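Please walk through this protein with me, one stop at a time. Keep the sequence and the 3D view open side by side.

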Amino acid sequence: MYKIFLIEDDPHLCELMKENLERYGYEVHLPDHFSKIEETFAQINPDLVLLDINLPYYDGYYLCRSFRKQSNVPILMVSAKSNEMDQIMALELGADDYITKPFTFEMLQSKVKATLRRVYGEFAAKETNPFCVASLCIDAKAHTLTYCGNQVELSKNEYKLMKKLMDHHGEFVSREELIEEVWDSVTFVDDNTLTVNMTRIRHLLSELGTNHMVKSKRGVGYRLYNPVSTRD
């Protein structure tokens with residue numbers, strides 16, 4: 001039975017989410033007090049975290065960063081904030097996905113199930129050796145991307161998207177294929193979620209010193225080109 005740490009300060013919504021998740025067999029834990037969430041997280045050692053952003057004492061961004069320092073547990077951020085910058089910030093701090101309020105419980109279940117299956121089930125990464133395209137290398141065990149001696153860390157979603165593009169280097173990969181690769185379904189995934197993740201990947205590539213490596217074409221998808229260094 002998977003343990004879910006549900007951190008939501010709206011009592012009514014929290015109870016509804018808890019009942020819905022327990023109906024599907026999940027063991028749901030709630031914080032005893034919002035000032036001691038980090039201690040509760042360590043005690044529970046959950047398999048997945050559902051984390052609201054607007055919370056008393058510490059906001060979700062702070063807690064996401066704190067959890068990520070301790071664990072690679074999948075974190076799904078839940079918030080009424082829907083603009084792209086909020087989602088980018090959540091992903092940069094280590095969140096695996098972002099659920100925008102209001103949401104249906106069918107969508108919540110789909111994202112929770114897909115995330116758990118992706119991290120712990122048959123869709124968990126099995127690769128053990130680094131994979132390279134020219135001077136760009138991705139490491140499945142470390143979840144890192146390396147280029148010309150420079151290295152950045154990748155979230156689980158960023159790793160899967162980048163690996164998919166590298167596997168199909170030189171070809172366009174459709175948005176639908178990328179969504180299914182990461183989220184296991186296109187039904188309950190906002191198309192903007194992919195855009196936010198791809199924006200984050202482009203930022204990481206820029207940090208490595210290679211710009212314009214990922215190209216997009218409306219109605220077609222994304223394509224990985226040969227890396228071009230901006231530090232030569």
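**A walk along the chain**

Lys 18 is buried, because its relative accessible area is 18%. Buried means under 20% relative accessible area, exposed means over 50%, and partly exposed lies in between (1.4 Å probe, protein chains only). This is a predicted model: local features need pLDDT of at least 70, side-chain atom pairs count only at pLDDT 80 or more, and totals for chains, interfaces and linings use all residues. Residues are numbered from 1 along each chain as its sequence is written, and side-chain values use heavy atoms, with hydrogens and water left out.

Stay with Lys 18. This residue sits in helix H1, residues 11-23. Helices (H or I, at least four residues) and strands (E, at least two) are DSSP runs, numbered from the N terminus. Which residues does Lys 18 touch, not counting residues up to four places away in sequence? They are Leu 6, Val 28 and Leu 30. A contact means heavy atoms within 4.5 Å.

Now move to the surface. Tyr 57, Tyr 58 and Tyr 62 form a nonpolar patch there. Together they have about 320 Å² of accessible area. Such areas come from the Shrake-Rupley method with a 1.4 Å probe; for residues, only the protein chains shown count as cover. Patches are made of residues with over 30% relative accessible area and no salt bridge; like charges are joined within 9 Å, and nonpolar side chains (Val, Leu, Ile, Met, Phe, Trp, Tyr) within 5 Å. Tyr 62 belongs to helix H3, residues 60-70. Tyr 62 counts as partly exposed, because its relative accessibility is 32%.

Next, zoom out. The protein is divided into domain 1 (3-120) and domain 2 (128-224). These bounds come from an automatic or database domain assignment. The contact between them takes 18 residues from domain 1 and 17 residues from domain 2. Taken over C-alpha atoms, the two domain centres are 24 Å apart.

How much area do domain 1 and domain 2 bury between them? The value is about 1600 Å², with 50% of it on carbon and sulfur atoms. Buried area is the accessible area (1.4 Å probe) that two parts lose on being put together, summed over both. Leu 91, Asp 96 and Arg 118 supply 32% of the area that domain 1 buries against domain 2, more than any other three residues. One salt bridge is counted between the two domains. A salt bridge is a side-chain nitrogen of Lys or Arg within 4 Å of a carboxyl oxygen of Asp or Glu. The side chains of Glu 92 and Arg 200 meet in a salt bridge, at 3.4 Å from N to O.

Now look at the backbone. Lys 101 and Pro 102 are joined by a cis peptide bond, with omega about -5 degrees. Pro 102 is in the loop between strand E5 (97-100) and helix H5 (105-120).

Ala 134 is not a glycine, yet has a positive phi of about 55 degrees. Its loop runs between strand E6 (131-133) and strand E7 (136-139). Ala 134 counts as exposed, because its relative accessibility is 60%. Cys 148, not a glycine either, has a positive phi of about 50 degrees. Cys 148 lies in the loop between strand E8 (144-147) and strand E9 (150-153).

The last stop is Gly 170. Find this residue in the loop between helix H6 (156-167) and strand E10 (172-173). Gly 170 is partly exposed, because its relative accessible area is 30%. Not counting residues up to four places away in sequence, Gly 170 touches Arg 223 and Leu 224.
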